[in-house]
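Q: I'm new to reading protein models, and I'd like a close look at a single part: the place where a ligand sits. Could you walk me through what surrounds it, step by step?

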Amino acid sequence: MKILVPVKRVVDYNVKVRVKSDRSGVELAGVKMAINPFDEISVEEAVRLKEAGIATEVVAVSCGSAASQETLRTALAMGADRAILVETDAELQPLAVGKLLKAVADREQPQLVICGKQAIDDDANQTGQILAALMGWAQATFASKLCVEGETLRVTREVDGGLETLELKLPAVVTSDLRLNEPRYATLPNIMKAKKKPLDVIPAADLGVDIAPRLRHSQYSEPPVRKAGIKVADVADLIARLRNDAKVI
Amino acid sequence: MKVLVIAEHDNGKLAGATLNAVTAAQAFGAPVHVLVAGHDTAAVAGEAAGLAGVAEIIAVDAAHYRDQSAENLAVLVADVVRGEGFTGVVAGGTSFGKNLAPRTAALLDVAPVSDVVSIAGAGRYVRPVYAGNVMVTVESDEAIQVITVRTTAFAAAPSGGAAGVRERAPAADLGVSRLLGRELSKSERPELAAARVVVSGGRGLGSGEKYREVLEPLADRLGAALGASRAAVDAGYVPNDYQVGQTGKIVAPDLYVAVGISGAIQHLAGMKDSKVIVAINKDPDAPIFQVADFGLVGDLFEAVPQLADGLAAG
Ligand SMILES: Cc1cc2nc3c(=O)[nH]c(=O)nc-3n(C[C@H](O)[C@H](O)[C@H](O)COP(=O)(O)OP(=O)(O)OC[C@H]3O[C@@H](n4cnc5c(N)ncnc54)[C@H](O)[C@@H]3O)c2cc1C
Ligand SMILES: Cc1cc2nc3c(=O)[nH]c(=O)nc-3n(C[C@H](O)[C@H](O)[C@H](O)COP(=O)(O)OP(=O)(O)OC[C@H]3O[C@@H](n4cnc5c(N)ncnc54)[C@H](O)[C@@H]3O)c2cc1C
């Protein structure tokens with residue numbers, strides 16, 4: 001079974017981003033970038049399936065600028081076998097990413113695609129579901145457990161009320177949640193080895209899909225910052241303030 | 001314009017998120033219809049019909065909608081939208097809505113907009129990005145607007161309506177997925193996403209046993225829902241549906257009590273719109289104090305029981 005893992009280059013989760021002074025976007029110059037944490041989890045899951053003898057090949061794919069090669073190398077160092085960069089400097093929105101990924105999936109014919117549940121920059125939580133719809137495949141979003149059983153896939157999902165277990169026909173799209181696994185750290189020898197693994201670059205234009213943005217992001221702003229309040233002396237002081245000042249109890 | 005709200009339910013009861021979605025849908029200034037697709041859902045359709053501001057309920061009953069699979073529902077919603085000329089689709093930004101809306105939008109070949117917190121008419125929205133540290137105004141000219149809305153940003157639609165219920169034939173069963181089972185947390189407490197008071201615990205609690213022993217009496221006193229940080233969920237103190245944050249639930253109660261939680265940006269993303277925030281932490285430099293209205297520096301194992309007792313004493 002071949003597994004395709006879409007990985008996205010995003011601002012590192014430790015960075016607190018700032019809006020540009022002209023409000024046209026977010027300041028990304030000089031900001032530390034990293035693989036989307038959910039995508040790291042997806043790569044880990046795919047590599048574990050390979051180590052368990054269930055998957056035969058793990059292919060990482062990213063859509064974006066040449067800089068995304070670095071993200072793909074991270075996936076390769078974690079154990080992906082090869083990588084594909086769908087290269088474009090244009091702005092990509094989830095529908096466009098879904099269409100590009102569909103074109104890649106049509107070529108690669110994977111039995112399983114593992115996306116992240118959301119990218120931590122745009123927080124859209126859309127791409128996996130869009131890809132599943134475009135492929136006409138089953139989907140299991142927010143996965144916390146995944147088990148391949150012949151031609152079917154058993155997935156436990158984290159839903160608002162608790163957990164839900166689905167059985168899907170393959171091929172299918174799964175999106176990973178935080179508790180699917182704990183991703184490994186790439187070791188230095190594996191980082192060296194990853195440099196020699198194949199990384200194909202396909203110009204987005206060669207895939208013949210419409211990637212023009214459908215949405216305009218006309219203005220960015222920072223929400224009003226919450227001011228720190230006061231430190232109370234003790235529990236009695238806290239109770240008095242909640243009763244008399246805040247009037248919430 | 002004509003707007004379709006997708007009802008979320010368990011075949012027996014309408015979910016609270018649908019009430020928020022109905023309010024959000026009013027912002028388009030167009031008639032609001034509600035789709036109730038499920039199996040044996042007459043009670044749900046009745047509940048939806050009683051909401052103020054709803055023009056009509058479209059009820060679709062079939063066994064293959066009982067489990068609410070995104071695959072089958074997306075095909076149905078796309079059919080209804082195309083067949084009846086809807087130009088807006090609204091769902092709550094819950095695990096149900098997030099699962100369904102993007103799939104539906106892709107079938108309609110339109111770009112969906114997630115987690116909308118304000119609507120200035122069709123195609124003009126504000127939504128948070130970067131864990132709520134940035135707000136962006138999104139403009140869309142799509143012929144069909146498909147959005148999910150953050151439930152805490154819109155009030156629940158009141159009752160007082162008397163819409164008619166129209167039945168519609170189901171779409172085909174794709175048969176690509178099957179529900180094997182659900183393990184839903186049962187609780188007598190208010191629903192986390194809609195509670196007036198939330199008591200949340202983090203890694204500082206140390207274990208699931210301590211989490212319950214220390215926080216439950218306080219939550220009982222306050223009539224609060226219980227929440228948690230990701231660290232507390234990952235460590236197995238509480239189930240996943242307790243998680244508050246960027247990748248968990250978004251809450252905005254009148255009172256949020258953070259106990260043994262450091263205040264990472266991913267956690268703040270889920271609770272910083274609370275009216276009053278109380279933090280109890282032994283580290284005076286914990287970032288949670290930067291957003292707390294009332295901070296208590298101290299050992300939670302002493303402070304929380306004192307607080308519960310103090311509230312009991314009236
Ligand atoms: C130069 C440039 C400028 C941009 N400017 C803006 C802007 O101003 N405003 C704005 O909102 N957006 C902008 N974007 C797009 C934005 O960063 C996101 O790529 C896009 O909106 C997708 O949303 P998401 O990543 O939150 O999707 P989600 O649906 O949250 O992503 C879920 C999963 O989908 C997969 N995935 C998503 N994107 C990719 C990808 N590119 N390659 C491979 N897998 C992927 C991953 O598995 C990921 O975990 C820009 C992009 C580029 C390249
Ligand atoms: C992609 C991604 C998504 C994430 N999503 C979320 C999310 O949705 N929600 C979320 O919460 N986190 C999320 N996180 C995790 C987040 O970054 C933090 O790791 C997490 O919130 C920390 O939880 P905590 O505050 O309980 O633990 P810690 O940071 O370990 O804090 C524990 C606190 O308890 C205090 N403490 C310890 N003992 C006592 C005592 N006896 N009395 C008083 N205080 C005590 C300590 O001083 C400390 O401040 C995410 C991370 C990533 C990378």
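A: Happy to! Let's begin with a word we need: a residue counts as near a molecule if one of its heavy atoms lies within 4 Å of it. Please keep in mind that this is a predicted model.

Let's look at ligand 2. With that cut-off, 28 residues surround ligand 2. The closest of them are Arg203(B), Ser229(B), Thr247(B), Ser262(B) and Asn281(B). As for its place in the model, ligand 2 lies between chains A and B.

What kinds of residue make up this shell? Sorted by class, the shell around ligand 2 holds 14 polar, nine nonpolar and five charged residues.

Thr247(B), one of the closest residues, has a polar side-chain atom 2.7 Å from a nitrogen atom of ligand 2. Asn281(B) is also among the closest, and an N or O atom in the side chain of Asn281(B) is 2.7 Å from an oxygen atom of ligand 2.

Three helices of chain B each supply at least two residues of the shell around ligand 2: H6 (230–234), H7 (265–268) and H8 (300–312).

Two packed helices are described by the angle between their axes and the distance between the axes. Helix H5 of chain B spans residues 208–222, and its axis comes within 9 Å of the axis of H8(B). The two axes cross at roughly 25 degrees. Angles under 35 degrees count as roughly parallel, so H5(B) and H8(B) are roughly parallel to each other. The crossing in which H5(B) passes H8(B) is left-handed.

Helix H3 (residues 70–84) and helix H4 (residues 95–108) of chain B pack with their axes 9 Å apart, at an angle of about 50 degrees. H3(B) and H4(B) are therefore oblique to each other, and their crossing is right-handed.

Ligand 1 is surrounded by 28 residues, and the closest are Lys8(A), Asp39(A), Cys63(A), Thr127(A) and Tyr220(A). This shell divides into 12 nonpolar, nine polar and seven charged residues. Backbone atoms take part here: a backbone N or O atom of Ala119(A) lies 2.8 Å from an oxygen atom of ligand 1, and a backbone N or O atom of Gln126(A) lies 2.8 Å from an oxygen atom of ligand 1. For Asp122(A), a side-chain N or O atom is 2.8 Å from an oxygen atom of the ligand. The protein covers 83% of the 930 Å² of accessible area that ligand 1 has on its own.

Which element gives the largest share of the shell around ligand 1? That is strand S4(A), with three residues. S4 covers residues 57–64 of chain A.

Definitions and conventions. Residues numbered from 1 in each chain as written. Chains lettered and ligands numbered in written order. Predicted model: local features only at pLDDT ≥ 70, side-chain atom pairs only at ≥ 80, totals over all residues. Heavy atoms only, no water. Polar contact = N/O pair within 3.5 Å; in protein donor to acceptor, adjacent residues only side chain to side chain. Helix = DSSP H or I, 4+ residues; strand = E, 2+ residues; numbered from the N terminus. Nonpolar A, V, L, I, M, F, W, Y, C, P; charged D, E, K, R; others polar. Axes fitted to C-alpha atoms, helices over the stretch in contact; angles between N-to-C directions. Parallel < 35°, antiparallel > 145°, perpendicular 65-115°, else oblique. Left-handed = near helix turned anticlockwise from the far one by under 90°. Areas by Shrake-Rupley, 256 points an atom, 1.4 Å probe, with all protein chains shown as cover.
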